[in-house]
Amino acid sequence: MKLVPLAAPDAAPPQLAGTVMRARSGFYTVHTDDDGTVECQLRGRIKQVRSGTDLVVIGDRVHLTARPDGSGTIEQVEPRRSQFSRRQPGPRGSWKEDVMVANLDQVLVVFACADPMPHLRMLDRFLVAAEHNEVEAAVVANKVDLVGMAAAREIFSGYEMIGYPVLYVSAREGIGVEGFADRLAGRISVVTGPSGVGKSTLLNAIQPGLRIETAEVSESLHKGKHTTTSAELHPLVAGGGAVADTPGLRELGLWQIPDEALAWCFPEMREHLGGCGFNDCRHLGEPRCAIRAAVASGGVSEARYESYRRLLLNED
């Protein structure tokens, strides 16, 4: 009989790699590459190495050491290939970056056609954040059953003209849900938007086993109630990939977009950049401004230009 040598008492604990699927109160659920799940905490030295940004978020690729009790310690976080972030809410002077998801392929921004009524300047903020992070974005117009398809297209067709894919759906009536599922298949996505627009209901519709908590819109304020309280990355059974359901946002502060880079975050303005009479044109009241000329000729919509102006001047 061949004897198998015992491991030395001081043998190094096993090292594993995986993806962070949930982050909450300093604890991280990691799906390891060998198809296991480990609840982890951070090694202290990571806090020194990754100062200035969120230490670990869902979607991060990490390396961990397994403990004898089945838990783990995250030893290393790989560089992010992409991320979607916003300015953390709080008083001016205390602002920090809030990274919502790392290593994603696309952002799906969900707004309701009604109940609550869509705030398109806020939608523009989400799209600007996606452009600044250089992540592909699509618009999801939910609750089309409340207004009808013609009215829904009247609200959101301007984004189609810019070049953004717009998915017209109703989670409750099953309209467009298959196309929404196809858009998610095989990709790492974040589904985001204001509270009460039906993000969780949509995700439950494409994969009922998710059982994400939902709630009705407040009748008194016609604003959404927060149902998702912590960010989580859910594996998708059909088609593969994973989707992040994030807490509903009542505001989206943009994080460190230089004034000179803001216009680039509006795709329809890019072809006009460089055509202004002054190199440092802010596209406000300067003479011979190519962007303002495009607005006057209809090449850039007045509503989108107004979003640009308000963001530039911090008026929202």
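Let's start with a pair of helices: helix 2 (residues 120-132) packs against helix 8 (residues 302-312) at an angle of about 70°, and their axes are 10 Å apart. Helices here are DSSP runs of H or I with at least four residues, numbered from the N terminus. The axes are lines fitted to C-alpha atoms over the stretch in contact, with angles running from 0 to 180 degrees between N-to-C directions. That angle makes helix 2 roughly perpendicular to helix 8, a label used for 65 to 115 degrees.

Who does the touching? From helix 2 come Arg121, Asp124, Arg125, Leu127 and Val128, and from helix 8 come Ala303, Arg304, Ser307, Arg310 and Leu311; contact means heavy atoms within 4.5 Å. This contact has five charged residues, four nonpolar and one polar. Asp, Glu, Lys and Arg count as charged, Ala, Val, Leu, Ile, Met, Phe, Trp, Tyr, Cys and Pro as nonpolar, and the others, Gly among them, as polar.

Before going on, note that this is a predicted model, where local features need pLDDT of at least 70, side-chain atom pairs count only at pLDDT 80 or more, and totals for chains, interfaces and linings use all residues. Residues are numbered from 1 along each chain as its sequence is written, and side-chain values use heavy atoms, leaving out hydrogens and water.

Now look at helix 4 (residues 177-184) and helix 5 (residues 199-206), with an angle of about 85° and axes 10 Å apart. They are therefore roughly perpendicular too. Val177, Phe180, Ala181 and Leu184 of helix 4 meet Leu202, Leu203, Ala205 and Ile206 of helix 5. That's eight nonpolar residues, no polar and no charged.

And the confidence? The chain's mean pLDDT (the predictor's confidence in each residue, from 0 to 100) is 85, and 81% of its residues reach 70 or more.

Definitions and conventions: Helix = DSSP H or I, 4+ residues; strand = E, 2+ residues; numbered from the N terminus. Parallel < 35°, antiparallel > 145°, perpendicular 65-115°, else oblique.
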